[in-house]
Amino acid sequence: MYPLYLFSPSLSFSLPSPLSLSLSLLSAQKLCGTNYPVSISFYSVNDFCEHFSYYGMKAVLTLYFINYLHWDPNLSTAVYHAFSSLCYFTPVLGALIADSWLGKFKTIIYLSVVYVLGHIVKSVGAIPSVGDSTIHIVLSMVGLILIAFGTGGIKPCVAAFGGDQFDEEHTNERRKFFSIFYMSINGGSVLSTLITPMLRGDVQCFGGDCYALAFGVPAILMVIALVVFISGSGMYKKSPPEGNILLDVCKCMGLAIKNRWKSSKYDPKKKHWLDWAEDKYPRRLIHEIKMVLRVLVLYIPLPMFWALFDQQGSRWTLQATRMNMAFGSTFVLKPDQMQMLNALLILVFVPIFDMVVYPLIGLCRINLTPLKKMAVGMIFAALAFGSATLVEVNVTKTVVEPAPQGQCLLQVYNLAVSDVKLNIPGSNLFSQPIKSYEDPPAYQHIQLGGHNKTITMAVTQNEILYQCVQTFTEQKAYTLVLHSNGSEIVCQLATDNIHKSEKMEAYLRFINTRSEAVNITVGAVDFYVPADYGISPHNSVERKEYTNDKCTSGSQNFLITLGLLDFGASYTVILKGDPGEIILQKMEDVKANNVHIAWQIPQYVLITAGEVMFSITGLEFSYSQAPANMKSVLQAGWLLTVAFGNVIVLIVAEGAGLDQWMEFLLFAGLLVAVCIIFSIMAYFYTYVDPDELDKLFPDKTVNDDDEDNLKKNQKYHLDQTDNSMYLNPIEKRTKM
């Protein structure tokens, strides 16, 4: 479901040192006669709880911004992706801390504490009684920043630390462990994106959705993860910090740039700008950096893929809030649960692609190289947003767009006994007679020419002319209620709510034409409707079928049936009848969400297929093209592409100002353009075999010309690793 961390900046496995050989007997124990160490069981519980905690919290985050903090969709999307971006910048920091200072074990412990604090602060900020809205925003942002540093800091360490627990000879078990690790990420994501929205919506607390519980449960799981991880402390193999190759690469590149800048035209020419660092760094390291830079150049277009992919938790979730979520008459999906589909499809697609799709392509003698797979993955993601565009176009047909500046919206209810005609000066609107108790077909735009305007309208009934004077304000929606008052027509203006409920509820109000006031209870919501064409406020009610609701008028009690109040609709119910009876007529001011959530399935299928071909293949490509001690550098670059992809969404969400379907189409078009650029770059890329480095830098007798460089190679590689593949020729001869 999300980018892998298998080859993180701290992922290296050293040969046994005297320290590791002196570990306790507990650390050598195996699980049930297998070659899996007992410590893995503690690690696995920790890993599952951590992923449940992170993805569960993130699943409800966008709706939390909109429904609890009352931010608009654009700001909510921007902050969501700013948080996601920070979560992918901080892994580089976590890797530096682990490799250069604390080691992986202590880094996981300390940053997990930060992680837990972030969840606690976030949960407290979701309690309405704790301060005002400013306090809620401050606590929420502080909590998210702490979570970003916690999750980002430990993610590059957890996979590597798990791999460290295996003995060097158990490579098959270690390989299977990483497969289990990736499956656990998606397994935890499936459960968390299913359960956390249920905690949010199905449990009511503080008078509404229980975001405090939705954030609190992930906090508890993170505490459990930390306690379990610490409990296995005596069983772990704990490698000390060994220095970080990222720092050496940056220092080498910095020196090369510095020397190149200071060079004069009389200095010897260099074939490559990195060669200006040869006076301090070994030629092998410089050549390895050149190989890495060639791959990093290919990474430049990649953020656009993640810009599309990560919108599942923001724009696609917001799209789902305006769709029909019902499956049958009993089961109703929640909009933030739809993200579960991606993780579920990953569990299905990975084996299908590996065992069916790719072998079939091979039988067709199509050379599907890793870079070609990545390009196809981009096309799938673009098609996913094409599908999302089609869905959005149909979804918006049920939406009443607010009036622009200088205009307002108006619909008319004729509650008189016969047809009427309405004439608005300067327009030809409502040219046809308005039938008695007719449900208006649509809102009409009234030109105001300013912030507000008082308009004298002419109302004609039975050839008798009446005047209706009302004041309208721009960008608002109104209902003009016309009714008889003895011998004349009276007009009454009511302000409407045209916005769809982000909570998947329906809006409801009543107009009482009777001579007695009415009290009505719909579900758990009470309405008071004054007599003589009194109008109740709009209230949101749960989406369901309403029958036998309590209604009191004077001393009489009635049971009324409203029928289905559907997702996202806004209703006005007219109360009619003599004192001894109540007759209902339901008007639909804003149409219900009539596009079913199942129409989102194609876009999830396409984006997941794109992920399989792009993300997993991209990591495999990076790993195969990197020298052994440079794999962490490429993984750091890979994580940064995810971070910058979220920055792109942040910029577009806040700056583009496009309709949502146009924004989807823009992203699809941009990714197609980027895919073309990437394909051209890939065409000129030459695949390399990092093992060929041994041929480029063969072991040989030290001569006068190479003695200094070999010494630099010897010192550098002995500093970086105790792996014998990097030992200099003299050391190798001694060992032999």
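I began with the disulfide that joins Cys 468 to Cys 491, S to S 2.0 Å; a disulfide here is a pair of cysteine sulfur atoms within 2.5 Å. The S-S torsion of Cys 468 and Cys 491 is about 105°, so this bond is right-handed. Cys 468 sits in strand 9 (residues 464–473) and Cys 491 in strand 11 (residues 488–495), so the pair ties together parts 23 residues apart in sequence. Strands (E, at least two residues) and helices (H or I, at least four) are DSSP runs, numbered from the N terminus.

I noted the source. This is a predicted model, where local features need pLDDT of at least 70, side-chain atom pairs count only at pLDDT 80 or more, and totals for chains, interfaces and linings use all residues. Residues are numbered from 1 along each chain as its sequence is written, and side-chain values use heavy atoms, without hydrogens and water.

I checked burial next. Buried means under 20% relative accessible area, exposed over 50%, partly exposed in between (1.4 Å probe, protein chains only). Cys 468 is buried at 1%, and Cys 491 is buried at 19%.

I then looked up Cys 205, which a disulfide joins to Cys 210. The torsion there is about 110°, so this disulfide is right-handed. Cys 205 is buried at 16% and Cys 210 at 5%. The count comes to two disulfides. In sequence order, the bonded cysteines pair 1-2, 3-4.

I also looked up two further cysteines. Cys 87 is buried at 2% relative accessibility. Cys 408 is buried, with a relative accessible area of 0%.
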